[in-house]
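Please examine the sequence and the three-dimensional structure shown below. The paragraphs that follow lead through selected features.

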Amino acid sequence: MKRSRSFPDVLAGGIFVLIGGAFAAGSLGYELGTPLRMGPGAFPLLVGLIVAALGLAIVIKGLVAGELIEFGPIPWRAVAAITAALVFFGLTVRGLGFVPASAVTVLLTTLASTRVRPLMAVAVTAGLTAAATVIFVVGLRLRIPLIGPWLGM
């Protein structure tokens, strides 16, 4: 019985090994310190080695116990809706303010699914906008106006 290899696993694992290795190599330019008094290079070295080790494990898994993965059609509607929502938020949050920009962003992301009904989209928009406002503006105290200058307030 021939075992299949998983190219996506090998590729993803290889990327992790490269990124982890780059962090580990970059950290060697800083003082490592001792185990009891770690220097600025110790944490990036440890994280880089852990990421590289996990990447190596993923590569080995992809080579030894690969699985056949079949991808369905690409959901272009979802890709376009979510990309448009993120770009919209980034371009308008300062001008519209946090609440309107968040509301339109959430509403645009609900367009990614063909199963979301208008009433559900409005409910999700209201709930996520309120939650985001409480978390980011009230809780984390981000200095973003709730209503921006483009709306005359």
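The side chains of Asp9 and Lys61 make a polar contact at 2.9 Å; such a contact is a pair of N or O atoms within 3.5 Å, where, within protein, one must be able to donate a hydrogen and the other to accept it, and residues adjacent in sequence count only if both atoms are side-chain atoms. This is a predicted model, in which local features need pLDDT of at least 70 and side-chain atom pairs count only at pLDDT 80 or more, while totals for chains, interfaces and linings use all residues. Residues are numbered from 1 along each chain as its sequence is written, and side-chain values use heavy atoms, with hydrogens and water left out.

The side chains of Lys61 and Asp9 also meet in a salt bridge, at 2.9 Å from N to O; the term denotes a side-chain nitrogen of Lys or Arg within 4 Å of a carboxyl oxygen of Asp or Glu. This pair links distant parts of the chain, with Lys61 in helix H2 (residues 42-64) and Asp9 in helix H1, 52 residues apart. Helices are DSSP runs (H or I, at least four residues), numbered from the N terminus. The structure holds one salt bridge. Side chains of opposite charge can pair when their charged atoms come close.

Buried means under 20% relative accessible area, exposed over 50%, and partly exposed in between (1.4 Å probe, protein chains only). Leaving aside residues up to four places away in sequence, Asp9 touches Ile58, Val59, Lys61 and Gly62, where contact means heavy atoms within 4.5 Å.

Helix H1 spans residues 7-27 and also contains Leu11. With 45% relative accessibility, Leu11 is classed as partly exposed. Together with Phe7, Ile15, Ile19 and Phe23, Leu11 makes a nonpolar surface patch of about 520 Å². Such a patch joins nonpolar side chains (Val, Leu, Ile, Met, Phe, Trp, Tyr) within 5 Å, from residues with over 30% relative accessible area and no salt bridge.

Arg141 is found in the segment after helix H5 (118-139). Its phi is near 55 degrees, a positive value in a residue other than glycine. Most residues other than glycine have a negative phi. Arg141 counts as exposed, at 68% relative accessibility.

Methods: Patch = residues over 30% accessible without salt bridge, like charges linked within 9 Å, V, L, I, M, F, W, Y side chains within 5 Å. Areas by Shrake-Rupley, 256 points an atom, 1.4 Å probe, with all protein chains shown as cover. Helix = DSSP H or I, 4+ residues; strand = E, 2+ residues; numbered from the N terminus.
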